Amino acid sequence: MSRYSFILILALSFFPSFAQKAQIKVGYDYEVSNGSHVRKDDYILLSGTEVSIFYNPIALWMDINSKDDAACQAYGAMASALQEAGRWDEVPNRSVSMYIFKDFVKQDQTVYDDYNDQFAKYNEPFQEMQWEVVADSAKIILGYECLMAKTAYHGRDWTAWFAPEIPVQDGPWKFTGLPGLILMATESQGMHSFTANGIEATEQEIPGMVRDDWYHKEDRIKYLQGKYRHLQDPFADLAGGNLPGNAKVFVNGRETTVEEVRNQSRKELDSGYDFLETDYHK
């Protein structure tokens with residue numbers, strides 16, 4: 001058994017749940033195309049009759065570990081061994097850590113998101129997302145015939161493909177409200193997309209938020225504005241924003257410099273990168 005597997009098994013013993021079981025488990029590829037660079041992250045949707053959770057499995061695994069000293073020590077040993085072997089990219093990190101909890105009874109969702117130790121949560125009603133189903137449209141995804149629907153949501157225009165054969169009004173990220181499971185969603189600029197890579201029936205329990213104690217209630221717009229300021233200069237809040245460019249810092253366990261981090265942020269912004277939602281630009 002690998003050390004990674006051992007930590008995961010250990011962590012699952014501390015896994016809180018809503019005491020509700022999912023009916024379906026869906027894996028999604030979340031892709032961000034930023035200039036010539038494409039980043040792909042894994043997400044999972046566990047959807048039941050009353051609630052669902054959309055999460056990154058590595059982030060959840062690390063958040064569970066954070067509550068147990070033995071798991072933290074095992075992770076530290078694993079990370080050190082990989083770093084010493086020059087295998088930095090294999091060290092699990094929490095760089096993709098957004099959670100979406102949907103409540104189909106209350107018809108709203110709770111979003112948990114963070115950046116640079118700023119942890120925020122906020123609620124949104126489902127009715128903010130309104131769909132228009134496109135007639136005479138069809139696409140086969142994972143063997144299911146899907147129909148097209150469109151929505152304008154929080155600054156972006158989205159096209160989604162849903163499978164009426166799977167009568168689950170759910171999907172990746174915040175998407176919900178169509179008469180079938182959403183298997184693909186892309187926004188009009190081609191920067192962000194979600195694509196299902198696997199579906200299975202399940203009776204897995206749907207977890208609650210592992211580290212709710214880290215988060216505080218925040219206005220969505222204010223949170224995104226702060227996140228964007230951080231992207232413009234990740235060190236603006238340190239030393240009055242006057243950290244020297246050659247200062248050494250660690251990012252996801254890798255040593256780099258302040259200027260290199262700032263240059264990477266500038267490249268992202270220069271290429272037109274923006275978040276999933278853009279209506280915070282006011």
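**Exercise 1.** Determine whether Arg-39 counts as buried, partly exposed or exposed, and describe its pairing with Asp-41.

*Solution.* Step 1: Arg-39 has a relative accessibility of 33%. Step 2: the classes are buried (under 20% relative accessible area), exposed (over 50%) and partly exposed in between, with a 1.4 Å probe and protein chains only. Arg-39 therefore counts as partly exposed. Step 3: Arg-39 forms a salt bridge with Asp-41, and their closest N and O atoms are 2.8 Å apart. A salt bridge requires a side-chain nitrogen of Lys or Arg within 4 Å of a carboxyl oxygen of Asp or Glu. Step 4: Asp-41, at 13% relative accessible area, is buried.

The model is predicted: local features need pLDDT of at least 70, side-chain atom pairs count only at pLDDT 80 or more, and totals for chains, interfaces and linings use all residues. Residues are numbered from 1 along each chain as its sequence is written, and side-chain values use heavy atoms, with hydrogens and water left out.

**Exercise 2.** Locate the partners in the salt bridge between Asp-114 and Arg-94.

*Solution.* Step 1: the closest N and O atoms of Asp-114 and Arg-94 are 3.1 Å apart. Step 2: Asp-114 belongs to strand β6 (residues 108-115), while Arg-94 is in the loop between α3 (69-84) and β5 (99-103); the pair links distant parts of the chain, 20 residues apart. Helices (H or I, at least four residues) and strands (E, at least two) are DSSP runs, numbered from the N terminus. Step 3: Asp-114 is buried at 13% relative accessibility, and Arg-94 is buried at 18%.

**Exercise 3.** Explain which parts of the chain the pair of Asp-212 and Lys-121 ties together.

*Solution.* Step 1: Asp-212 forms a salt bridge with Lys-121, with 3.2 Å between the closest N and O atoms. Step 2: Lys-121 lies in strand β7 (residues 118-125) and Asp-212 in the loop between β14 (205-207) and β15 (216-217), so the pair ties together parts that are 91 residues apart in sequence. Step 3: Lys-121 is buried, at 16% relative accessible area, whereas Asp-212 is partly exposed at 29%.

**Exercise 4.** State how many salt bridges the structure holds, and which residues are joined into one network.

*Solution.* Step 1: the structure holds 14 salt bridges.
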